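Here are some notes for a colleague who is opening this structure for the first time. Please keep the sequence and the model in view while reading the points below.

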Amino acid sequence: MKASLAAFSAGLALWVLGTAGAQADGRLNILCAADDAWCATMQRAYETKTGVQTVMVRKSTGEILEQVRKEKDAPTVDVWWAGTGDTHLQAASEGLLEAYASKNETEVLPWAQNFFTMSGGQSAGIYAGALGFAYNSDLLQQHGLPVPSCWKDLISETYRGKILTGNPNSSGTAFTMLATLVQLFGEEEAFSYMKALDQNVAEYTKAGSAPVKAAARGEAVIGISFMHDAVTQKEAGAPLVIVAPCEGTGYEIGAVSIVRGTKNREEARRFVDFALSPEGQATGAAAGQNQVPSNAKAALPAGAPDLSLIKMVDYDFATFGTREERGRLLRRFDTDIHPPSQ
């Protein structure tokens, strides 16, 4: 792990020195929206296999989308790897991605095949994970708080200032939560719920996994994140109890996409091939991650939540993956729930 983190740090240094120069030298520039540990492990595995030097930088999903938009006419990025699929779909709808059918696409599970079709062949599903929350059982007991099992339990005043969740403007996880609540309750009730929840939120984090990491460290009682992120913390020894909300919940399809206009097209395609291969997807488990891989031949991480046992909404990627709908909901969040200046 030290070696992989060192490689990741080296990649960050190269990015800071100038991605334009790196691209001219033939290095593959990748923006990663997975956990830091997985970014580093994936970078090391790909470089070891191919001998190609990469520049891998970790950012939140919303930040990556904004960067790809801003660089539309002169991209410095070749590949966008990981992050919530509805954001990749939005980029595809805006003409920011390039179509590519990997040789490994035939091996992926039906939900990933559907995602690839939905993207117009411009983005490939690499993993899936369910949204939920986790509470620190030690802190819950210390504060004498009731055990939460549903979304609506979280708006009880007993949890005032004890919850962390992401900001949907930067966090794909948090936008999945917002879209999930709209689909579960209807938009008006969902925003009424978010207003009530806001009274209990101590902080809106930039990264989606940050809330459960804080709960694992004892810095928050409850963190709202994808369940696989909580599993990783629990496996590391944190006193977390992971909850699939009783009303039902949404899910993500993490994706990989080639940025339109890349100067390293063939190498970008080779990276997508690797990301969809059993070997590439095994880097998740190697980095302590617990998402469900999309390749039917890939091994399921031991701690991956069984999605078949979780009550799921029929998540509408086609609607919530559009710029118009995402933008409208984010504007309403900023206006009604959490103004940007806060």
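1. Start with the largest pocket. Its lining divides into two nonpolar, three polar and five charged residues. The residues that line the largest pocket are Tyr46, Lys49, Thr50, Lys103, Asn104, Arg270, Asp273, Phe274, Ser277 and Glu279. The space in the largest pocket comes to about 150 Å³.

2. A word on confidence. This is a predicted model. The mean pLDDT of the protein is 92, and 92% of the residues reach 70 or more. Residues 1–24 are another matter: pLDDT stays under 50 there, although the model has 41 contacts beyond four places in sequence for this stretch. Where pLDDT is low, the predicted coordinates should not be read in detail.

3. How many cavities of 30 Å³ or more are there? The count comes to six. The largest cavity has a volume of about 210 Å³. Its lining is made up of 21 residues, and Ala33, Ala34, Arg58, Thr173 and Asp229 lie nearest the centre. Strand E3 (79–84), helix H8 (172–185) and helix H11 (227–235) are the elements that give two or more residues to the lining of the largest cavity. By class, that lining has five nonpolar, twelve polar and four charged residues.

4. The second largest cavity has a volume of about 130 Å³. Its lining holds 20 residues, with Trp38, Gln281, Gly284, Gln291 and Pro293 nearest the centre. At least two lining residues each come from helix H3 (36–50), strand E5 (123–136), helix H13 (278–286) and strand E11 (292–293). Which element gives the largest share of this lining? H13 does, with six residues. The lining of the second largest cavity has 13 nonpolar and seven polar residues, and no charged ones.

5. Thr87 lies in helix H5, which covers residues 85–93. Is Thr87 buried or exposed? Thr87 counts as buried because its relative accessible area is 1%, and the cut-off for buried is under 20%. The side chain of Thr87 makes a polar contact with the side chain of Asp86, at 3.5 Å. Beyond four places in sequence, Thr87 is in contact with Thr61, Leu65, Trp80 and Arg326.

6. Gln122 is placed in a loop, between helix H6 (110–118) and E5. Gln122 is buried too, since its relative accessibility is 17%. Leaving out residues up to four places away in sequence, Gln122 touches Ala92, Leu97, Glu98, Ala99, Ser257, Ile258 and Arg260.

7. Ala215 belongs to helix H10, residues 210–217. With a relative accessible area of 0%, Ala215 is buried. Where sequence neighbours up to four places away are not counted, Ala215 touches Ala134, Asn136, Ala220, Val221, Ile222, Gly223 and Leu240. Ala215 and Leu164 are 51 residues apart in sequence, and their C-alpha atoms are 8.2 Å apart in space.

Notes:
Residues numbered from 1 in each chain as written. Predicted model: local features only at pLDDT ≥ 70, side-chain atom pairs only at ≥ 80, totals over all residues. Heavy atoms only, no water. pLDDT = per-residue confidence, 0-100. Contact = heavy atoms within 4.5 Å. Helix = DSSP H or I, 4+ residues; strand = E, 2+ residues; numbered from the N terminus. Buried < 20%, exposed > 50% of the residue type's maximum accessible area, 1.4 Å probe, protein only. Polar contact = N/O pair within 3.5 Å; in protein donor to acceptor, adjacent residues only side chain to side chain. 1 Å grid on protein atoms, 1.4 Å probe; cavity = no way out; pocket = protein on both sides within 12 Å on 5 of 7 lines; lining within 4 Å. Points joined across faces, edges and corners; volume = space filled by probe spheres on them. Nonpolar A, V, L, I, M, F, W, Y, C, P; charged D, E, K, R; others polar.
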